[in-house]
Structures are given as C-alpha cells and as structure tokens.
Amino acid sequence: MSLFEMIRLDGRKALVTGAGQGIGRACALELARCGADLVLNDRPGSEELLETVEEIRSLGREGWPVEADVFSSDGPESIVRDAMERAGAIDILISNPAYSVRCGFLDYPLDELDRTIEGTFKSGFRLCQAAARQMVNRGRGGKILLISSVQAEMPFEGCAPYGAAKAALNHLTHSMSVELVSHRINVNAIEPGWIDTPNERRIFSDAVINAAGTDLPWGRLGLPEDIGRAAAFLVSDAAEYITGAILPVDGGFRFKDMRANTQPKVVDPE
Ligand SMILES: NC(=O)c1ccc[n+]([C@@H]2O[C@H](COP(=O)([O-])OP(=O)(O)OC[C@H]3O[C@@H](n4cnc5c(N)ncnc54)[C@H](O)[C@@H]3O)[C@@H](O)[C@H]2O)c1
Ligand SMILES: O=C(O)C(=O)C[C@H](O)[C@H](O)CO
C-alpha cells in the first residue's frame, strides 16, 4: 500500500482536547481531511469550539462537541465518557491543552506550580489513562498523541514548572509506549517549537512575534498546520511501527540560542 493510502483515517474516531483554536484545532481539521470523524473538546461556552465543529462538518465528517474543562476534577474521565457515548469508540486520542504562567524560579508561587502540574501533566496523564482503558477493553489497538514542547528539553527563563511538566509528559510517552505496546496502542508526542497561535498572540506583541519569526532558523514561526500534518501522520497506519517517539516540529528552533527573544520583559504593553 502506498504512503498516500496508509495515511487515510476513514472510519476512525478521534478525540482531540482543546480543539477550539490553535494547535488542537489544526490537528482536528487535518485528521478530518484525512477522513476521521471527531469528538472535539474545549472549555464550556467556547464559541471557537462550535466554529471548529462547523468546519469539520463542512468537510463531510462528523464533529461532536464536548464542552468540558479538561483541568477540572472529573474533566478527563468525563470527556472520555462523553466521547464514547457520542462516537461509540476512541481510535485516536490527541491530548493537547496545557497551563502555564511566566514567573522567575525564585518568585514562583506554589499555587501556580500546582496549577501547572495539574493542567500540563496530570490532566494529560488522566486523559490518556481513561482513553487507553477504553482502547484496551475494545481490543483493537489505538493511537495516543501528546502535545509536548521543545521546552521539555530547552529551558526558558520564567518557565521552569511548565518545562518540567512537559519533560514529565515526554517520560510518560515513553512509559505508556512500553506498557501499551502489547495492546497495539502507539504512544507518541510532538514537541512544537514556537507556533503562531492565539495563546502566543496573547503573550507577545506583534513586534516581538515578527522579530522572532525573522530570527528563527526557518525564517518564520511555525503554523498550527505544521503540527496538524505531523499529528495526522503519527496517528495513521503509515506510522504503525513508531511508538515511544518524541518528534520536534520546530524549524530548527531548539538548536539556536534565542533566549533573548523569549523573555516577556520585551513585550510591548500596547
Ligand atoms: N504555541 C506554541 O508556540 C506552543 C509551543 C510548544 C507547545 N505548545 C503546546 O501546544 C498546546 C496548545 O497550545 P496553543 O498554543 O495551541 O494554545 P491556544 O491557547 O492557542 O489553544 C488552546 C486551546 O485549548 C483550549 N483549552 C485550554 N485549556 C483548556 C481546558 N482546561 N479544557 C479544555 N480546553 C482547554 C483553549 O480554549 C484553546 O481552544 C499546549 O499544550 C502548549 O503547551 C504550544
Ligand atoms: O509554549 C511553548 O511551549 C513554547 O515553547 C512557545 C514559545 O517557544 C515560547 O512562548 C517562546 O517564549
């Protein structure tokens, strides 16, 4: 079979969290273009989620919205329960959202440390666990993809708990791949570099983003679609023999010293 045929996802049911905008939305759209039907999660009341659902349906695929906070106490388990009710199965899981604030190590507030570990690591752990249990019970394998970050390997000032939580997700990816391989469940992660998403636009001014784009080795920031395409490959049959892999999609960012560009102190308040 050709790569083109193997990358098709027709008949597969995928759950993507944080699918209203940014990287989650781009992953969902790319999976739909490859033929998957999708359960799409985002926060309660998210208008962007409904826009993603509409766009998926306009591609001729099913799009089932599940509004829930994946960081909340019953969030991950309830999202998986709802996904099973709507779609009947989860063949593919993409665990996407994270929580972070920027603050120096010496001043980092402990309640924010807890939120970062809860939102970035624990919610991902619990979502993967709940989805993997369904995949194992069903006995037909599955694909799990975690959205990590280059910061798992690349320390930025003011981001210690977030980077540590992403490093923990990388380890979790390796551990899950070992424990789930006998169930034919592939577990992989993508490390996005600096991707032009609404979240980055909230943190940085246009001037900072434009300057960073010029300085990045590829000459531009990453686009959410760059991550979406890598995600679609990793959850397809074309990647059948890939498990426990951490794929950077960063245009060479992690090998260039851009620490000066990544400091929030250069943000223009306007
Ligand atoms: N943008 C980057 O440069 C970059 C780089 C490396 C890693 N990442 C990672 O990519 C992932 C997505 O980031 P993004 O830049 O697309 O962010 P974003 O804020 O632009 O989009 C995140 C989406 O997730 C949703 N979301 C957030 N918290 C949620 C919650 N508790 N429950 C349900 N939905 C929730 C948001 O509403 C939004 O739709 C994160 O894990 C982030 O750490 C991003
Ligand atoms: O969100 C992340 O994990 C990133 O690495 C994004 C950017 O690289 C970061 O905002 C730049 O400081």
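A polar contact is a pair of N or O atoms within 3.5 Å. The model on display is predicted.

**Stop 1: ligand 1**

Select ligand 1 and begin with Arg202, where an N or O atom of the side chain is 3.3 Å from an oxygen atom of the ligand. Taken alone, ligand 1 exposes 820 Å², and the protein buries 92% of that. Next, display Arg43: a polar atom of its side chain lies 3.1 Å from a nitrogen atom of ligand 1. Gln21 takes part through its backbone instead, with an N or O atom there placed 3.2 Å from an oxygen atom of ligand 1.

**Stop 2: ligand 2**

Now select ligand 2, which has 11 residues around it. Arg102, Ser149, Gln151, Tyr162 and Glu200 come nearest.

Which side chains make polar contacts with an oxygen atom of ligand 2? Tyr162 has a side-chain N or O atom 2.6 Å from an oxygen atom of the ligand. For Glu200, a polar side-chain atom lies 2.6 Å from an oxygen atom of ligand 2. The side chain of Gln151 places an N or O atom 3.1 Å from an oxygen atom of ligand 2. On its own, ligand 2 has 320 Å² of accessible area, of which the protein covers 91%.

**Stop 3: Gln151**

Keep Gln151 selected. This residue sits in the loop between strand S5 (142-147) and H6. Is Gln151 buried or exposed? Its relative accessibility is 10%, so Gln151 counts as buried. Leaving aside residues up to four places away in sequence, Gln151 touches Arg102, Phe156, Cys159, Tyr162 and Gly163.

**Stop 4: Lys166**

Proceed into helix H6 (residues 160-180) and select Lys166. Buried means under 20% relative accessible area; at 2% relative accessibility, Lys166 therefore counts as buried. Apart from residues up to four places away in sequence, Lys166 touches Ala98, Thr120, Ile147, Ser148, Ser149 and Ala152. With Ser148 there is a polar contact: the Lys166 side chain reaches the backbone oxygen of that residue at 3.5 Å.

For a sense of distance, draw a line from the C-alpha of Lys166 to that of Asn210; the two residues are 44 apart in sequence and 26 Å apart in space.

**Stop 5: helix H3**

Select residues 47-58, which form helix H3. At 1.5 Å a residue, these 12 residues should span 16 Å, and the end C-alpha atoms are 17 Å apart, which agrees. Colour Leu49, Thr52, Val53 and Ile56, the residues listed as buried in H3. Viewed down the helix axis, the buried residues fall within an arc of 100°, so they line one face of H3. An α-helix has 3.6 residues a turn, so residues three or four places apart point the same way.

On the other side of H3, Glu47, Glu51 and Ser58 are exposed. After H3 comes Gly60, which has a positive phi, near 90°.

**Stop 6: helix H4**

Select residues 75-87 for helix H4. Its 13 residues should span 18 Å at 1.5 Å a residue, in agreement with the 18 Å between its end C-alpha atoms. The buried residues here are Gly75, Pro76, Ser78, Ile79, Val80, Ala83, Met84 and Ala87. Their cover includes strand S1 (13-16), S2, S3 and helix H5 (110-138). H4 is followed by Gly88, with a positive phi near 85°.

**Stop 7: helix H9**

Move on to residues 224-234, helix H9. How many of its 11 residues are buried? Eight are, and the helix is mostly covered. Among the buried residues of H9 are Pro224, Asp226, Ile227 and Leu234. Look around them for H2, strand S4 (92-95), S5, strand S6 (185-192) and strand S7 (246-249), which are included in their cover.

**Stop 8: Phe4**

Finish in helix H1 (residues 3-6), where Phe4 is found. Phe4 is exposed, with a relative accessible area of 66%. From Phe4 to Gly119 the separation is 115 residues in sequence and 36 Å in space, C-alpha to C-alpha.

Technical notes. Residues are numbered from 1 along each chain as its sequence is written. Chains are lettered from A and ligands numbered from 1 in the order in which they are written. This is a predicted model: local features need pLDDT of at least 70, side-chain atom pairs count only at pLDDT 80 or more; totals for chains, interfaces and linings use all residues. Side-chain values use heavy atoms; hydrogens and water are left out. Helices (H or I, at least four residues) and strands (E, at least two) are DSSP runs, numbered from the N terminus. The expected span of a helix is 1.5 Å times one less than its number of residues. Buried means under 20% relative accessible area, exposed over 50%, partly exposed in between (1.4 Å probe, protein chains only). The arc is that of the directions from the helix axis to the C-beta atoms. A polar contact is a pair of N or O atoms within 3.5 Å; within protein, one must be able to donate a hydrogen and the other to accept it, and residues adjacent in sequence count only if both atoms are side-chain atoms. Accessible areas come from the Shrake-Rupley method with a 1.4 Å probe; for residues, only the protein chains shown count as cover. A residue is near a molecule or strand if one of its heavy atoms lies within 4 Å of it. Contact means heavy atoms within 4.5 Å.
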